[in-house]
Amino acid sequence: APHMASMALSQMRGAKQAPFWVTEAQIGRTAGNQRKIVEPGTVRLWSLQEMAQGAAGISFFSFRTFPAGHEHVMVGVLDDDNVPRRRFFEAQQVATELAQLKRITGQTLPFSQVAVIRDFKNDWAFEDGRFAMDFRYMREVFKYYRSLRNASITTNIISSNDNFDTYKLIVVPSMVLINNDVVNRLKTAVKNGATVLITCMTGLRNDDVKSFGRILNASVEELAGIEMEEQHALIGTETTKLKLVNDTATYTCGLWHDVFNLKTATAIGNYDSRFFKGKPVLTKNVYGRGTIYYVGSVVDENAASKMVNLALNSSKIKPLVVSKNELVEVTEVAGEKGKFVYVINYSKENQFVTFNAVMTDILTKESFSTSATIKPMDFRVFAIK
């Protein structure tokens with residue numbers, strides 16, 4: 001899915017919240033595990049995605065295929081014989097198109113009202129599997145990032161040290177190590193009207209991997225509006241049922257189970273199996289002028305998407321361009337020359353997107369008020385009229 005690449009690019013951009021270079025862009029077959037064939041047109045879309053995500057420069061690696069050595073099997077823009085072929089001409093086309101877009105838009109960066117916190121110290125804390133053996137921190141981060149991108153929401157990946165003030169929605173996936181500075185800044189953001197979505201295992205330990213002398217950090221409990229009673233880890237092959245309030249569908253969760261009582265929060269979803277059947281697992285809490293959503297287990301993608309959509313509704317965030325297909329990625333960007341929206345169609349069929357504002361295709365100059373078609377393996381960049 002394109003969202004995995006955009007999350008990696010957002011993470012690079014998030015290091016300084018500034019334009020960056022992609023210094024080893026893939027042009028074709030690599031040396032080693034090749035998961036997919038790089039089909040004609042793919043490199044073009046990858047390059048557009050990189051530019052949309054804030055890349056100021058893209059350098060293909062390598063320019064010419066190596067005749068010998070460690071990476072001799074990996075192809076370059078040119079083959080060993082130095083004869084220009086399809087890859088060369090695709091790179092040439094990409095360079096021309098990116099230069100044309102850059103002249104119109106100038107340097108841009110994604111414009112986002114939503115952030116997902118990704119913390120490197122959590123990688124380390126989860127590494128030995130002691131909290132839950134089959135839990136993978138980056139899968140949990142990606143699950144919520146993907147749900148946001150599937151809702152056509154441009155999303156930043158940030159550190160817990162970054163400024164929270166500019167965001168209407170902050171997602172905090174399984175931030176097992178937390179400190180008072182982070183919690184206090186989250187409190188301030190929510191009091192001032194932001195929405196925060198917190199998932200299980202957040203606030204179990206301090207930065208030294210030491211408990212707070214209680215099951216869960218007191219401030220995280222206060223934000224969530226709950227009182228923790230018990231916590232249960234589980235291997236990945238076992239699942240637990242979950243039901244949302246006013247929803248007949250059954251969802252699943254697993255790996256970790258918070259069992260808690262409601263204080264100021266209200267239940268959105270309850271466990272539907274095991275001894276804690278009927279106990280809340282998904283909650284909503286009003287705090288100051290803002291809202292906290294709490295997810296007390298590692299829930300499936302459908303349940304995560306439901307929670308993300310509730311949080312987006314609370315935040316009153318609406319994308320300018322809406323895609324219903326995961327293979328069509330929408331990215332809102334801003335720069336000195338205004339605001340633009342990249343829409344990239346990675347699928348092999350025509351795709352339709354709808355608009356929440358009047359848009360103009362910056363290359364064809366066509367104007368759209370309700371919807372537009374994006375051709376297969378193609379893109380459009382819109383300006384807000």
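Does Ser 315 count as buried or exposed, and at what relative accessibility? In this predicted model, Ser 315 has a relative accessibility of 10% and therefore counts as buried, since the term applies under 20% relative accessible area. The residue belongs to helix 8, which covers residues 301-315. Its side chain forms a polar contact with the side chain of Thr 195, at 3.4 Å. When neighbours within four places in sequence are left aside, Ser 315 is in contact with Lys 168, Leu 169 and Thr 195.

Residues up to four places away in sequence not being counted, Pro 19 touches Gly 54, Ala 56, Gln 107 and Leu 109. Pro 19 and Val 328 are 309 residues apart along the chain, and their C-alpha atoms are separated by 23 Å.

Attention now turns to the aromatic rings. The count of aromatic pairs, taken with ring centres within 6.5 Å, comes to 11. One of these is formed by Phe 88 and Phe 89, whose ring centres lie 5.4 Å apart; their planes stand at 90°, so the pair is edge-to-face. The relative accessible area of Phe 88 is 21%, which makes this residue partly exposed. Phe 89, at 43% relative accessibility, likewise counts as partly exposed. The rings of Phe 126 and Phe 131 also form a pair, with centres 5.6 Å apart and planes at 70°; this pair is therefore edge-to-face, as planes over 60 degrees apart are classed in that way. Phe 126 and Phe 131 are both buried. These two residues belong to a cluster, in which ring pairs link Phe 126, Phe 131, Phe 135 and Tyr 137.

Aromatic rings also take part in arrangements with arginine. The charged end of Arg 118 is placed over the ring of Phe 120, at 4.0 Å from the ring centre. Arg 185 is found over the face of Phe 164, and here the distance to the ring centre is 4.5 Å.

Methods: Residues are numbered from 1 along each chain as its sequence is written. This is a predicted model: local features need pLDDT of at least 70, side-chain atom pairs count only at pLDDT 80 or more; totals for chains, interfaces and linings use all residues. Side-chain values use heavy atoms; hydrogens and water are left out. Rings of Phe, Tyr and Trp (its six-membered ring) pair if their centres lie within 6.5 Å; planes under 30 degrees apart count as stacked, over 60 as edge-to-face and the rest as tilted. Buried means under 20% relative accessible area, exposed over 50%, partly exposed in between (1.4 Å probe, protein chains only). A charge sits over a ring if NZ of Lys or CZ of Arg is within 6 Å of the ring centre and within 35 degrees of the ring normal. Helices (H or I, at least four residues) and strands (E, at least two) are DSSP runs, numbered from the N terminus. A polar contact is a pair of N or O atoms within 3.5 Å; within protein, one must be able to donate a hydrogen and the other to accept it, and residues adjacent in sequence count only if both atoms are side-chain atoms. Contact means heavy atoms within 4.5 Å.
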